[in-house]
Every structure is written in C-alpha cells, then in structure tokens.
Amino acid sequence: MPYVLPTNRRQILQRAGFGFGSYALMQMLAQESSVTAAPAVANPLAERPPHFPARAKHMIHIHLVGSPSHLDLFDPKPELQRRHGELCPDEMFEGKKFAFLRSRPTLFGTSKDWTFRKCGQSGIELSDLMPHLQSVADELCVVRSLHTDEFNHGPAQLFMLTGFGRFGRPSLGSWINYGLGTENSNLPGYVVLITGSVLGAGNSAWGSGFLPTVYQGVEFRSQGDPVLFLSNPPGIDRESRRDVIDTVNQINASTLSEVGDPEIATRIDQYEMAYRMQASVPELMEIESESQATHDAYGTTLRSGGPGPGKPSFANNCLLARRLVERGVRCVQLFDQGWDHHGNLSGSLPKKCQEVDRPVAALIQDLKQRGLLDETLVVWSAEFGRTPMAQGTNGEGKKTSAGRDHHRDAFTLWMAGGGTRPGTVYGRTDELGYSIAEDPVHVHDFNATLLHLMGLNHERLTYRHQGRQFRLTDVHGVVQRGLLA
Amino acid sequence: MNRKTFSVRLIGILVITLSSWALRSGEALAVDYADEVQPILKRHCDRCHGESAQEGSLVLFRRDAVLGVADSGVPIVVPEQPDRSLLIERVTDASAGDLMPLDGQPLSRTEVNVLREWIRDGAEMPDVSGTEHWAYQAPSVDPQALRQASQRNLSPIDYFVEQKRIRSGLPSPSLADPATLARRVSLALTGLPATLQQIDDLQRDPSEENYRRLVDELLASDAFGVHWARHWLDLARYADSNGFQADQLRSSWAYRDWVVDAFNRDKPFDQFAIEQLAGDLLPDANLQTRIATGFHRTPTCNVEAGVQPEANRVQQVFDRVNTTATVFLGSTIECAQCHDHKYDPFTQEDYYRLFAYFNNTPLEVEKASGVRFDFVGPTMDLPLTDEQAARRKQLQKQITSLRAKQDALGGEDRFQAWRTQVSEALRQGRARWLTPTPHFSSTGEEPFQVLDDQSVLLQGNPPGSTEYRFSYDDLEGPILGVRLDALQHDDLPGRGPGRGDAKRTNFVLHDLQMRVETGKKRHLISLADAKASFSQSKYDVAGAIDGDPKTAWAIAPKFDQPHWATFRTTEPVDAPRADQRLVVTLDQHFGRGRVIGRPKVSFLIGPPETVGLTDEIAQLLGKATPLEAAEIEQLRTFFLANDPETRDPERKIRALVSRRDRIQPETTLVMVEQPESRETFVMRRGDYLSPGEPVSPGTPSALHPADADLPPNRLGLARWLVDPDNPLLARVTVNRFWAEVFGRGIVATPEDFGTQADAPTHPELLDWLALEFQSEGWSVKSLLRTMVLSETFRSSSVVTARAAELDPDNRLLSRGPRFRLPAETLRDNALAISGLLCREGAGEPVMPFQPDGIWRAVGRNQPQWTAAQDQDRYRRGLYVVWKRSAPYPSFVTFDAPDRAACTVQRPRTNTPLQALVLLNDHAYAEAAVGLAQRMVLESGSDDPREVAAYGYRIATGREPSLSAVESLLALFESQSALLAENPDLVDQRIGVLPESFLDPAFASGADASEAKRRLGAWYAVANALLNLDQTITLN
C-alpha cells in the first residue's frame, strides 16, 4: 500500500520534552481541522469560590469507627462514678430502645484508674488516657451535646457522614468537593485513609450518592497500589507508559478534530493527569522523606516506637493527612476501626487510645507549626456515643467484663483549627451523661457548621435530583455560632 | 396545566410549517412558555412560589398573579418590559434584597435571558389555574403530524425531531457511515461491538433493507438480553450481597437470569412488570413467575448485632414502595413518607396505602443466638441442574444395588449359621477380660509395687523416659485383645495418671507392643482397632500401635481422671506354651516424667465368636429351650447390626445416602404473602413506632382509578400499574430505553416525571413512542427496533460548529448519539475485541481478576475473592459478583452504582482514575495481550503497517487514517527497540495472561522467542488501541 509519511508529531512533541494537554494539541491541530471543536468541557473539579469567605480551606475528618466512649475520654461525670453499680433510674431504660441492653442495667462510672485533668489555659477536662491530646487542649473546640437519630452502626454512620440513615446520599466530603473543587489538579480533591476493616456503611461512607462520581472520595490504600491501578502492569516502564499515552492522545486529538466532541478534549487532559498522578501519588506516600523528629512526634511505624516497620498505621495516616493537605487536597478522611467497646472497656479503650492519642496530637501540633491549622479543620467524629449504663456482653452475646452500649441521645465530638473557637467546651449533658442539658447540637447542625467553616452555606449547597433540591442537611440544620472563632 | 390546550404552542407549530424557509437562515422564534420558561420557573421558583407554598404571598404559576403586583406594589412582570419587571430584578440584582432563589444556585445567564426574551415578547402564558401536570395526562399525538410524516415517508421519530430542529435553527445532520453505524447499533442493542464480518457486510450493502436485517440479527442474539438486563438490574438494585456491616453473599442470581431471558424472549413489558411485582400471586403462578418476584427481594438488609428486625423490615418495605413508584410511575413519592408531597399530588395517606400492598411479607432478620442476627426470609428451591440430577441418579443407582446385595446377604441361612456357630462357641465359655498377675520390670529401674487389682504402682523419682515390661508365663487362650488402664492413686503427683507433675498429669505412650517370646525369639502380635477413653488432639491412641516411635497416645487436657485403651489382636492368639511368655511393653520416651503412674494390663480371652455379645444376647443364644418369635427377631436385629458382611455395606449405603442428600438444589429469594395480613397505619413523621390512622391497600387518588374488581394485593397493584389508563408507565419506560440508546432522555430526569421534572424536549415524540409501545403489545424489541431504524439514530455524531453553539448537549438531537460506554459494556467490549470474551451466561456469579485487598473483612463469613482461571474470568460484566460494600472496582470507577438503592440513570464522568483503569488494570492488560495475539495471527501479514491497521479496525470498527497508522507504527517501533534491549520485559508483559489463553504460536516452538518479542511490542500498541476514545465510545 502506498504510504506518505506525514510529519511525525510524536517526534516534535518528544523534542519538546514533555507530554501535552488538549490545549496545546488544539493549537497544533487548528490548521488541519475542518471542524471547529467546542472547548473542553468545564472541569467538574475546577476550584470554585466558596459562598462566603471560608475560615477553613481544608478538612481532616477523623472518624472513629464503632464510636469511642466519650464518657471516659471527654465528658467527665463524677456523679456517675459516685453512683456506679446502682440500677439505672427507670426513665433511662423503660420505653427506650437500645442495640443490646435488654434488661435494666446498672450505672457505670468511669474507672477510678482513669482520671480527668484540667488542661492548658482553657482548663478543658480530658482523660489521662489521652495524655498527648491533653497537651493540645487549648486548640480544641469540644462539643459535648451531639445527638443523632440512629443507634445501629451502619445506619448511624450513614447518618453522620451523609445526613441520611440509608444508602444513596452523597457524603460530607463529596458535598465539599462538589462545592469547592480542588486546588491541586494532580491529586483527587477528597482522599480516604483507612486503618482496620472497613466500616459497615462500606464505600457509601465516602461515596457521591447521586452527585457525579467525580466527587466521591478516593481511597489511598496502605498496601498494594496506593490508588487502584496506579502502577503500570508488568513489563511497562514509565517511558513505555509515556509512549502509549502519547499515541493515545495523538489519535484522540485527531478524532477530536474530526468529530468535535468536547469530551475528547477532556479525556486527553485526564490521560495527562493520570500520568502525572503516577508520579505525584507515590511521592506523596513516601513518608520516609520526613524528618526523624516528625516520625518520632507522630509515632509512625516506619521508625521510632510504632508497632512494626512498614505496617499500615493510624499514625502513618495522620502524617499522610498533613502531607495531603499541604499539597492542596480539600478533604482528607481517616477511618479507624475498633472502637465498639460493648465489653472489656477497661482493657480495650486504653489500647485504642494509645494508638491514636500521639498521632492526633502530633497532627494538630504539626499543622500549627506549619501555619496550616488556621486553614485546616480537624474533626474527631464518631457515629454516636456510649451509654452511661454498663453492658457486659460481647458481639456474640457472651458475658464479658463491663462495657457500654450505643447511645444516640448525647455524645461528644471535637474539632480543632479551621476557624473553630479554640479552648472551648460547648454544650452540657446531665449529671449522669444520659441526656443533653444545654445547647443540643444535632448531626445536621454539626454538618451545617462544618460546611459553614468551609465557606459553604448548607442551604445553598444543593443538587437537583428526583425533582427536588437535595442537600447534606435535608431540610434541617442550624449553623452553631458558638463553635466559631 | 394542560399543555394540550395551549394555543400559543399550536400557533407555533403552524408558524413552523408555514415558514420553514425563514428557519433555514437560523432565525430564532419567539420563546415558548411551556418549553422554555415554565421549566425555569419550576426549577428555581416553584418550591416557594408554587402551588404548595407562596412565600411573601408571591405566586408564579398563575397568569393573573404573574401579571399582578407583589406585596410591595411593584409589578412582577410587565409585558415587553423586562427591566421594569420585579421577576428579573430579583434574580439578577443582589442589591434589591437577597438574590433569588434563596435556597439554591442562582439562575444561569442563559436562563435569565430566556426570561427576558419571553417578557420582551409579551410574556405570553396560558390562563389556566389547574393542577394538571402534563405527565398525568393521557399521551396523545396530533394525527395531522403523523399524516405529514407518512406523506414524507418519514418515521414519526424523525418527523418530530426534525420539527424541533428546524424551530431551533439547526441543520439536518448527515447519516453516519456504514462501519460506524454497524458498530453503533451493535453496541446499542447487544452491548458488544459488531464483528468485522457484520461491518463488512453493511459496507458492501448499506441499503435500508440490509441494515434492517442486521438489526433483526442483533435483536435475536442472546447478547441482547444480557445487555438490557444490566440496565434493568440497576433499577431493581440487584446485587449478590446483603449490604451493611456483614454484607454476606446471598443467592438470587436466578432472578438475574430470569431478566436476561425475559428480554431475550421479548416478554411483553406489562407482563414483565406483573410477574416481578406479583408473580407469586398470579392464578397460574409457576416456578418462573415466582423467580421473577426476586425483583423486590433485593433491598439491603442490616444484620449487625443489635439491629431491630422490625425496623429493618419497615426500611425494606419503604424501599419497595419507593422503587415501585420510581420504576413504574417515574414518581418520587419518598417525601410522602413523612408528610404530604410538597410538589406532586401524593398525600401521606397515599403513601401508606401503597405501603399496605407490601406490608405482608415476613421478617428478613432473625436473631440467631445472643445478639447475633441472620438474614432469613423466603427462599425457593430451584430445580436441580442437569449435572446435579445426573450425579444424584448415579448415587441412587449405587445405593439400590448395594441394598439388593445386602438383602441377599441378610438371608435366613446366614443368620441361622451364625446362631448355631455362636451357640456352640458359648459352650466353651464367653470371651471376657482377665487381669492376670504380671512379672513387671521397667528400664528406668524405679521401685514399684503390684497392687491387689494387679495394677503396678510406680514409685521413686519418675524417669525421663522408660519402657515398662509386663510378662506372663501362664495364660489361657485364645487371646483376642489387650487393655491398658492408666489409673490414679493418692501417691501419684496430682493423683496421676501421669507422673510428670501435679498440675499437668499427662503421660505419653509411644508404643504398646505385645509379643510371644520363646527363649530369645520374639514373635510380634499384630494389633488393631485401637480405642481409648480419650485421645489428646494429635495424640490419637492409634499412634500407640502403629510402630512409629514418633506418634503416641496422650490425654491432655483431661488430666483429672483415669484412662483406658483397648486393642484387638488381628488373629486369635493361642495361650503361651510352657516354654513361652506373653509380653506386653509400654515405651514412653517423651521425657519430663510423662509416664504412666499406675498401669494395669488385661486381656480379652475366650472364643472369638462370642466377642461383642451383650449379656442378653448371650443368654438367648445359650438357652436350651426353643426361642419365641420375638426373641428370634431380637437375635436377627443384633446379627444384622454386627455382622461385618452386612454392617459394612450398611455403612457404605449411609455414606452414599448422605452424599446424595448433600446434592441440594440452588435457591433464590422470592416474595411470599403471610397468611395473616399485617395492619397498616400511617406512620407519623415516617416513624414506625408512631402509628397514626389505619389504612388499607389502595392506589394514589390523584392518578387513574383502580378497577373495582382488582384484588387488594400486589397483583391488584401490578394490574393497576399496567392499566392502559396509566399515562405514566409507557412514557416513563420508553423514555428510559430512549436514554439508554441515545445517551439522554427525552425527559432529562428519567427518575422523575413529577411537576418538578424537566419538561420533555420532544413531547409529541415521547407521546407517540408511548402509544406505539402499547399498541405493539408492549414489545421492547419492537420499540428498540423503531428507535434504531430511525434516521435520528443513524445520524452522524460529528459536532458541527453550529450544533456546538446551539445544541451543545444534543438535547435537540441535532446529531447522532455519542457517549462513553457504560462500565460493564466497556469491559465486554474490550474482551470481545481481544478475543477473550466468554459468551456463556447464567448461573452463579463469577470472579474475574481484581486487585488484592478489595474485599476486606466487614463482617463474618467473609467469602474470599478467588479469581477464576478458566473461561469464567472473561464472562460478561453482568455476571461479575456484585458485593455492595465493595463492588468490582473498575466498574465503580466508570460510574456503576453500589446497587444499594434503585438507580435510574448512572452519571457519566470522565476522570483520570478511568484512564488508570484502562491503562493499568490487569483485566485490561490481559485484554491487550489478547488483542495483540489477534492482530499478529489474524492479520495474516508480516507488514507492521497492516498489523497496526488491522488492530485499529478490530478496536474501533473503522479504517484508520494514515496519521493514526503512523502513530501506532511509531509506538511499535520504539517498543520493539526497547524490548530488544530489555528482553526480560517480554515475558513480564505476556505473563499477565493466564497461560491457557496464550496461543500456542507464542508458547513454544523455535520461533517463539522472536514471535514473543513482537507480541510484546504489539501488546503496547494494543494497550493504546484499547484506550482510544473511539474504542470506548459509542459513536
């Protein structure tokens, strides 16, 4: 077949020494093209201005899966300790629904081995189980009056994280991603890091529901490829990958000039970004490059006193969270499994606290030292709280030493940085820690406040689906001014 | 508002038909209220200024109100004067107060311009104050329009589309070339690319008739049902797991196969709906119609500890009600769970009347034990598969034949012979255990004492290891067995039976030997049939007689008790002669004093025939007087149970029966009605713990009435839904099929046809399709045939400059469809191109390749992901196991839902993560090897240029341009050079494909390494081809 050699575009581009995006291509192809193609479709992840000046540009949302005992960590109850062992008052049990408690339980005060201490200038009372957190008490904005609608894990996780107790709604992070876009086009706008098994709500906890899937969280895994399919298949080196992408983009560019579908221009850009991610993500995951002092502060598993080199750990994830935020990722979400202490609280809680206390405190300090805490909202989250009454069975229903059941009516979460009021305790529970006595904050109020801190009006951040404007907070939610700096 | 009576629109149509000359110049016509203005008001304003709410007493849906004044006295809309109209001011000027709408994104510039234009043109709007929404009116088509279409020999689709296009000033598109069209129609109908033969054939003869023939061929192929089932299973939220914490797998794939089959058989859509909603209640219900009810057994189910089964059931019923309304009515009635619907005519009572239809199924969560819960609920057995049935038959045959043999054996003669033999033997006495006095010694030389019961109590320091020897000069015969007791004693540490320590009183007996010694000559007696009071795990008593010094009998943790072991001699042993001794040795060399503290050795002695008789049987057999009938029967039963000749076959039969019974039919989840109806109440605020007024099953009052003779159950509901008077079902259904074929619905919100829905872009077209669908007997194949035969479908998808400007989203169908393939189709397409695709279907879901660590434990009974190595690895995406908490990752990346809830329309995104899947996912790497193989082997050419061109054709269905071939060649050459320098990479590349799929041409032979190197280079080219926009796009 006769064949005329056209100008070899690859060689021109290779001489230029880098890959190319659709814009460069469009320019090159402009003269050859008979069809005026539409410009690339607007990038759905392009950075967008907030509704009003934001207090926080980034969020690190730490969800303790299973829900820690706030009564033993953040909300001291001397009266409960005093009455430890008494049968609980009738009104705390009769007509109420619990996940496990089936007969009238006894009151369960915090162990005498664990003491609360007034910390820092602010004098916030925190348990000795978290000594490192105590040292950053003045940065914390503790909310002791959260309440939710659900008391089983799966539905409560969905409710806390998507504002709805069933599947199908967008997650908090995906709403933020949708509202604000991302600063760093080489990384996803919403990254998820997990230690332990996945929570019951599954991928929906960071899913995009009915929002376009580009807004969903992307899990960075601690083993295997950090991002699924990031590394090249066997036998393909980086140069070959470049070679293949160049070929794909060249042919796609000529299809674009023939057909004019703007999706093709977008696709060309996405292949370039994929190629860049193949370099930027491994660089990001390489926490070895951090200083020894940093590793020591976080207690990572690479060096210092962690549980074993190279193993995934919560400490590593905290350090990664800071690196992600530094690189402009909008929303980082950490999940840590293992906080559902129905029994054997005295053994399990200190162990879990030990895993997270140092890294969480180090994260706050590190952000502060780097001047990032002002613009980074750190959230300590859980799906609900624990009962002030004792439960003594494990998940199989066997007798164990005492723990606490799920409690939806009153629990504690805290925030730090990102325009929250530092050194504050907001809201109050009754003397037994059962109900809210002052300033209740519903999950919708809390989420409305988080969006507000990110510069988003929760009533205006809407998406049209099934004939109506949906939002994270349904038709509820009031921004809690008392939590703002 | 009833748009059928809207005069402005009719005038509009007249204007169009009279003045098509003016339109060719692209002059835009007056803004149409119903088409353009009303949707804007509905979308942005109706929530607060519509029928259900009038914030600031402002109403924007009635003509008189719109032309009136606001509370402030300012006119809302002044015809022809947009700048004096408050409406424009409030949506554009924040200084006039809060920018409207208060609760949503501001209006786009285009939208504001439409409003301005409309006001400038005189703000024409119909003077109706009714609540009648277009979707609730019966579909109707102007017969005049159909006549015109037929006069011009146009399909009504093309006629209506052309009308709209002309009105919008858009030129007619050209038709797509035959190759593009063949690939497009094949992907649209079957989800697989056209074969090269099909493409060639249409290119050779691009006539209408030949195209029609291709369409019919595709509609008739089995791939059709597989493709359309995918779409339907999104609606049915079908998955293979429960969802939530435990997320165990469940078996419901028979329903999935039923859907495939229904599409392939072109089951009329009304019947399709009825069987899925109420197949169990049909008068002629059968296996298939019951399987169909799996449609509503798909809701998620939470079995986490502490769950409330009733709360779970109520959530599932909510899901059934909401899904039914979404799928069959295009209505989102979820709002009415808690209160009357804000926009659409559904009351809370309507909601719970629908709820009542579904309120009669059993709980699906059951407390298993303690706080552990299980997924239960009705399942149905499926017929055995052919293979199962054959296996069963074979086992049954074996059982029957053994039984016959056994019957023959159990005959009277044998029994009588046994009776005589044993009776005679009994005259010699009955076998019994005797404990003679031993001559004892131990290699440890520790002191000992023989106690009265002839047991030996060891004393002194326990030796680390030792061998006890029991020797007997004078014994009766025949000897049939030996028994060892390890007894306790107060003098032993911790009372024994071992001597090692007081806490762990274990002993370890490595070998027990029994022998006859004649002088120095030893004759070892073979022992068998070891039994013991208890054996420690991995220290079975059989180890004591197997001759292996490493195996042994021990008894931890049952320390605090005596133990025994018995062994049978394989032959009766005669009593030792005068010059002989019978010797039993116990070798114990574990160390740390794990030796027996008080052993006792006994022997079973007597006629062998009498062993194992019970006292009662022995007595009967010894009786001198004749036996009674009942006594003989007792003997016979004993004989049959103990005679090895009959007992062993019996055991074999029992094993076969259990194997036969383990062949159980597969099951599937189905709907059933409980015999007793549950009462249904309105739930206050949607809370099942706050029941309000009781309600009975009934259909929403705003929609068409239900026939009085319909039963008040799911079947009645199903028949009401498919009633020809239902204006929604046909419209909603044809719109969804349209959206799948064209990439976008005529109503852009296929999940919602309520008052908040987007208006149809082509209302007459929608109505015509709906009517046509019904008059063609609800035939889906016929509906799709009509769509793909239209010129609208066959148009070129090239975006002209004018189309890009006036119709960027192709709402007006100014060009043919062009969109990225859905997740499963994308993979199927790649597999088909690579030649790896397995077209077999049905049955249990399959596990192809996926990266490690996707299925992380989220609960108990966690199944493992084991990637298939056979054909199942390349089955169509429909058959990939769907686990809700972790669906197949590449599907998720390409916008597949988690199937936890009904999904009507998948988003269609374009992301870098998708590029990573197509470039790097092993599944696509394997496909690239497959494609490279095809290119090399099928192109039949050594010219790289021709190989490249062939690959491009397989991947895209089209001939490549010169520049495309040049690009591919350059890649091949640079890769060939790379592989010449780095030959190691070749095997790494090809190795991703399981070896059995590698063509022999590359597996062995003299040329293999050269052939392989070329394959490795083509692999990179194939990788590029599988990533081309043209490959992954329906265009």
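B:Glu80 sits out in the open: this residue is exposed, with 11 other C-beta atoms within 10 Å. B:Glu80 belongs to the loop between α5 (63-66) and α6 (86-92) of chain B, and its phi is near 75°, a positive value in a residue other than glycine. Keep in mind that this is a predicted model, with an ipTM of 0.78 and a pTM of 0.75.

**Other loop residues in chain B**

- B:Arg899 also has a positive phi, about 60°, although it is not a glycine.
- You'll find B:Arg899 in the loop between α31 and α32 (912-920) of chain B.
- Is B:Arg899 buried or exposed? B:Arg899 counts as buried because it has 23 C-beta neighbours inside 10 Å, and the cut-off for buried is 20 or more.
- B:Asp852 is in the loop between α30 (823-834) and α31 (889-893) of chain B.
- With 11 C-beta neighbours inside 10 Å, B:Asp852 counts as exposed, since the limit for that class is 12 or fewer.
- From B:Asp852 to B:Trp865 is 13 residues in sequence, and their C-alpha atoms are 8.4 Å apart in space.

**Cis peptide bonds in chain B**

- B:Gly477 and B:Pro478 are joined by a cis peptide bond, with omega at about -15°.
- B:Pro478 is in the loop between β8 (466-472) and β9 (479-486) of chain B.
- Another cis bond runs from B:Ala556 to B:Pro557, and here omega is near 5°.
- B:Pro557 falls in the loop between β12 and β13 of chain B.

**A sheet in chain B**

- Chain B has an open sheet of five strands, and the order is β4-β15-β9-β13-β12 with antiparallel pairing.
- Which strands stand at the edges? They are β4 (432-434) and β12 (527-532) of chain B; each has a single partner strand, so one side of each has no neighbour in the sheet.
- On average, neighbouring strands of this sheet are turned by 25° against each other, direction ignored.
- The partner of β12(B) is worth a look: β12(B) and β13 (residues 563-573) of chain B pair in the antiparallel sense over four bridges.
- If you want a spot to check by eye, B:Ala528 has B:Arg568 in β13(B) as its bridge partner.

**How confident is the prediction for chain B?**

- Chain B has a mean pLDDT of 89, and 95% of its residues reach 70 or more.
- Residues 1-28 of chain B are another matter, with pLDDT below 50; this stretch has 33 contacts in the model beyond near neighbours in sequence.

**Chain A as a whole**

- Chain A contains 13 helices and 17 strands.
- Of its 485 residues, 60% count as buried.
- Among contacts in chain A with a separation of 6 or more, 75% come from residues 24 or more positions apart.

**Where chain A meets chain B**

- The contact involves 77 residues from chain A and 90 residues from chain B.
- On the chain A side, the elements that give two or more residues are α6 (153-162), α8 (238-259), α9 (262-285) and β17 (468-470) of chain A.
- Which element gives the most to the side of chain A that touches chain B? That's α8(A), with 11 residues.
- The residues on this side of chain A divide into 28 nonpolar, 35 polar and 14 charged.

Key
Residues numbered from 1 in each chain as written. Chains lettered and ligands numbered in written order. Predicted model: local features only at pLDDT ≥ 70, side-chain atom pairs only at ≥ 80, totals over all residues. Contact = placed C-beta atoms within 7 Å. Nonpolar A, V, L, I, M, F, W, Y, C, P; charged D, E, K, R; others polar. pLDDT = per-residue confidence, 0-100. Pairing = 2+ DSSP bridges. Axes fitted to C-alpha atoms, helices over the stretch in contact; angles between N-to-C directions.
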